[in-house]
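Dear colleague,

I am passing this structure on to you, and below it I have set out what was found in it. Please read the notes with the structure open beside them.

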Amino acid sequence: MGYSTVLYLSAITGIDSSQYEAAAIDGASKWQQVLYVTIPHLKTMICILFIMNVGKIFNADFGLFYNVPMQNGALFPVTQVIDTYVYRALMVTGDISKSAAAGLLQNVLGFICIVTANGIVKKIDADSSMF
């Protein structure tokens, strides 16, 4: 959220102030300036950040989910995410194929989500899609 805010803020500061002045002269309220000046200029940034953030759906905070329960206690069953499963499958069982398969599944599903999100963006605005 924090890095996206910086990107949105930099895109907003890049909008020419004469467009806001022209909208104010035409009688647009602040809300109308947001709707008709700011959001159309942010449309490409919104689409790109949407596609990139959809790809992070299957990622978890490994440090939090591994270090907090430390393989014991009541938190262990509910903090087992794909990232910690891949690590534990490799370290506990030593089975490289099982951990590689889980990691590959996570990445393939993330790729499918990115391609789907890009297809949705392409149908809305073809110029804003990534590929």
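Over the chain the mean pLDDT is 88, and 98% of the residues reach 70 or more. Where pLDDT is low, the predicted coordinates should not be read in detail.

This is a predicted model, in which local features need pLDDT of at least 70 and side-chain atom pairs count only at pLDDT 80 or more, while totals for chains, interfaces and linings use all residues. Residues are numbered from 1 along each chain as its sequence is written, and side-chain values use heavy atoms, with hydrogens and water left out.

Turning to the loop between helix 4 (62-67) and helix 5 (82-93), Val78 is found there, and Val78 is exposed, with a relative accessible area of 64% (buried means under 20%, exposed over 50%, and partly exposed in between, with a 1.4 Å probe and protein chains only). Val78 lies 49 residues from Ser29 in sequence and 49 Å from Ser29 in space, C-alpha to C-alpha.

As for disulfides, meaning pairs of cysteine sulfur atoms within 2.5 Å, the count comes to 0. Cys47 is in no disulfide, since its nearest cysteine sulfur, that of Cys113, is 17 Å away, which is too far for a bond. Cys47 counts as buried at 10% relative accessibility, whereas Cys113, at 22%, counts as partly exposed.

Best regards

Note on methods. Helices (H or I, at least four residues) and strands (E, at least two) are DSSP runs, numbered from the N terminus. pLDDT is the predictor's confidence in each residue, from 0 to 100.
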